[in-house]
Amino acid sequence: MEIPHAQLSDEALRAIIEEFISREGSDYGLIEYTLEEKVEHVIRQLERGEVVITFDTVSETCNLLSIL
């Protein structure tokens, strides 16, 4: 199930993004980004419609998926 990011509170959205970032590791190539920069990158991707938030009712987990 897709969850519209605009319907989440700022705190819930940030928690989902931070959890996803920490799960995916920190290999971002030649440039190291701070956690805040990584969160902002994901928020911009959500706003541009490049990424969506999904919720799996079976595992009760959220995920971020690229739709490009």
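**Notebook: surface, fold and salt bridges**

I looked up the surface first: the protein chain exposes about 4,900 Å², of which carbon and sulfur atoms supply 54% (Shrake-Rupley method, 1.4 Å probe; for residues, only the protein chains shown count as cover). I note that this is a predicted model, in which local features need pLDDT of at least 70 and side-chain atom pairs count only at pLDDT 80 or more, while totals for chains, interfaces and linings use all residues. Residues are numbered from 1 along each chain as its sequence is written, and side-chain values use heavy atoms, with hydrogens and water left out.

I then read the fold. The protein chain has two helices and three strands (DSSP runs: H or I of at least four residues, E of at least two, numbered from the N terminus), in the pattern β-α-α-β-β.

Next I turned to salt bridges (a side-chain nitrogen of Lys or Arg within 4 Å of a carboxyl oxygen of Asp or Glu), and the count is four. Glutamate 36 meets arginine 14 at 2.7 Å, N to O; this pair links helix 2 (residues 35-47) to helix 1 (residues 10-24), 22 residues apart. I found Arg14, Glu18 and Glu36 linked in a network of salt bridges.

Glutamate 19 pairs with arginine 23, with the closest N and O atoms 2.6 Å apart; the two lie four residues apart in helix 1, so about one helical turn separates them.

I recorded glutamate 50 with arginine 48 at 2.9 Å between the closest N and O atoms. Arginine 48 is exposed, at 51% relative accessible area (buried is under 20%, exposed over 50%, partly exposed in between; 1.4 Å probe, protein chains only).
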